[in-house]
Amino acid sequence: MTQRKFYYFDNNATTRIAPEVVDAMIPFLKDLWGNPSSAYFFGSQVGKHVEDARKKVAALINADPKEIVFTSCGTESNNSAIHSALATNPGKRHVITTAVEHSANINFGEYLRKMGFEVTFLPVEPDGSLDVHLLEKSIRPDTAIVSVMYANNETGVIFPIEEIAAICRSKGVLFHTDAVQTPGKLKLDVKNLGCDFLSLSAHKLHAPKGIGCLYVKRRTKYQPYVIGGHQERGKRGGTENVANIVAFGRAAELVMEKLNEENTRVRALRDRLENTILATIPNTIRNGAKESRLPNTTNIAFEFVEAEAILLLLDGLGICASSGSACTTGSLDPSHVLTAMGLSPMRARGCVRFSLGIYNTDEDIDHLLKHLPPIIKRLRDISPLNPSHPDNDKYDIEAAREKHEQDLAEAMSDKDEKAA
Ligand code: PLP
């Protein structure tokens, strides 16, 4: 299959599987396909690789391997932590989370409300930060768990997890953090963080979709969410997804090696992109705090235009970005994260998230910066939302798209010639 050249700025939605990760998982798809729970060698040898991967994932967050429970995804990990806290504390029926969590928490919270539990969704400040005093005041004697994400997937804003964990500890309340967006971007150490539960999802760190984990601090009471066999030391039923677990382990190793690169090279690319957009395109605003933010993420409001129109035109030029979480794409509602930060629904509908990764290059940024300003101008010229309607620009989007297609065709035929 020939792959189209594209410029990928949606690493918070998912990431390219690293070639090293593919190599690591292939033997478990082709030859080593036994069941790790089997007593005979063909199966049990596979179990050793699962344990090896567990060690690598544990090392990523400085946990003990016994504290890692493999799950199917970040969503399951989040649901499992909250479910366990409620199940092991039957007298406590209150959960605290924030209004800007991923839908894995927001919709689970709504579900819990329907089931008769009480859920507090804490508001955030206009820069996306959290008032920890308000969080502290919201903890009640019947609060079973506080669940606050480490870094926001739409804005990249980082919450003060150590401080929140300390508050929860002092009040005797369990604390879970959804750290799905952090590997490779922040140094993770559960011992310093002081959380009871922490969620990860492998497809955000260059491994396949369909595998995640939940860190469960030693001696924390735990009630499984997926009830079945004795797998995962009785903490999660279901035959292990061996190839994906091995992939997760390899990705965890690689991402630790790349931490520095995300914080230097990728951060510099993100800053160049953000600073140039803000300096050269009028009426653009960054959403979220400048400093306490993931190094790869920028979320920009483009006033007087619809993000969906921008994304469509960018897509025609091979540029992938998004207007919010991939899990809410298709919804006509403005982002719940941006509206919780106080953006009007109209402004929130004009926001685009660019999330970079280790495979982005300077050339990618050049391509985006070449096409984005004229696209915004062109859309504003025809936008009924735009109060000033400046004169139409000569930028011809159709011609730019055709040129892009021609360049692609040429690049592909060059490649094929070289390969022949
Ligand atoms: N939490 C956050 C912050 C996320 O960004 C995501 C995915 O986008 C999830 C949870 C859900 O992870 P998964 O897709 O593995 O269910």
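User: What makes up the contact of α9 with α13, and how do you know that these residues meet?

Analyst: The model is predicted, and contact means heavy atoms within 4.5 Å. By that cut-off, L269, R272, L273, T276 and I277 in α9 meet D362, I365, D366, L368, L369 and L372 in α13. Sorted by class, the contact of α9 with α13 has seven nonpolar, one polar and three charged residues.

User: Why is α9 called roughly parallel to α13?

Analyst: The two helices pack at an angle of about 15°, and their axes are 10 Å apart. Angles under 35 degrees count as roughly parallel, and α9 is therefore roughly parallel to α13. The crossing of α9 and α13 is right-handed.

User: Why is α1 called roughly antiparallel to α8, or is another word used?

Analyst: Helix α1 (residues 19-30) and helix α8 (residues 242-257) pack at an angle of about 155°, with axes 8 Å apart. Angles over 145 count as roughly antiparallel, and α1 and α8 are therefore roughly antiparallel to each other. α1 passes α8 in a right-handed crossing. On the α1 side the contact is made by E20, V21, A24, M25, F28 and L29, and on the α8 side by V242, A243, N244, V246, A247, R250, A251 and L254.

User: How do the residues of the contact of α1 with α8 divide?

Analyst: They divide into eleven nonpolar, one polar and two charged. Asp, Glu, Lys and Arg count as charged; E20 of α1 and R250 of α8 belong to this contact.

User: What is the order of the sheet of seven strands, and what is its pairing?

Analyst: This open sheet has the order β2-β8-β7-β6-β5-β3-β4, and its pairing is mixed. β2 (68-71) and β4 (118-122) stand at the edges because each has a single partner strand, which leaves one side of each without a neighbour in the sheet. Neighbouring strands of this sheet are turned by 20° against each other on average, direction ignored.

User: What joins β3 to β5?

Analyst: Three bridges join strand β3 (residues 94-98) to strand β5 (residues 143-147), and the two run parallel. The bridge partner of H94 in β5 is T143.

User: Which strands does α3 lie across?

Analyst: Helix α3 (residues 74-88) lies across β2, β3, β5, β6 (174-178), β7 (197-201) and β8 (212-216), and runs at about 165° to β7. Helix α6 (residues 161-171) packs on the sheet as well, touching β5 and β6, with its direction at about 160° to that of β6.

User: At what angle do α3 and α4 pack, and how far apart are their axes?

Analyst: α3 and helix α4 (residues 103-114) pack at an angle of about 35°, with their axes 9 Å apart. The crossing in which α3 passes α4 is right-handed. T75, N78, N79, I82, H83 and L86 of α3 make the contact with A104, N105, F108 and L112 of α4. By class, this contact has five nonpolar, five polar and no charged residues.

User: Which domains does the assignment give, and what separates their centres?

Analyst: The domain assignment gives domain 1 (19-257) and domain 2 (259-419). Their centres, taken over C-alpha atoms, are separated by 31 Å. The contact takes 29 residues from domain 1 and 25 residues from domain 2.

Technical notes. Residues numbered from 1 in each chain as written. Predicted model: local features only at pLDDT ≥ 70, side-chain atom pairs only at ≥ 80, totals over all residues. Heavy atoms only, no water. Axes fitted to C-alpha atoms, helices over the stretch in contact; angles between N-to-C directions. Helix = DSSP H or I, 4+ residues; strand = E, 2+ residues; numbered from the N terminus. Parallel < 35°, antiparallel > 145°, perpendicular 65-115°, else oblique. Left-handed = near helix turned anticlockwise from the far one by under 90°. Domains from an automatic or database assignment. Pairing = 2+ DSSP bridges.
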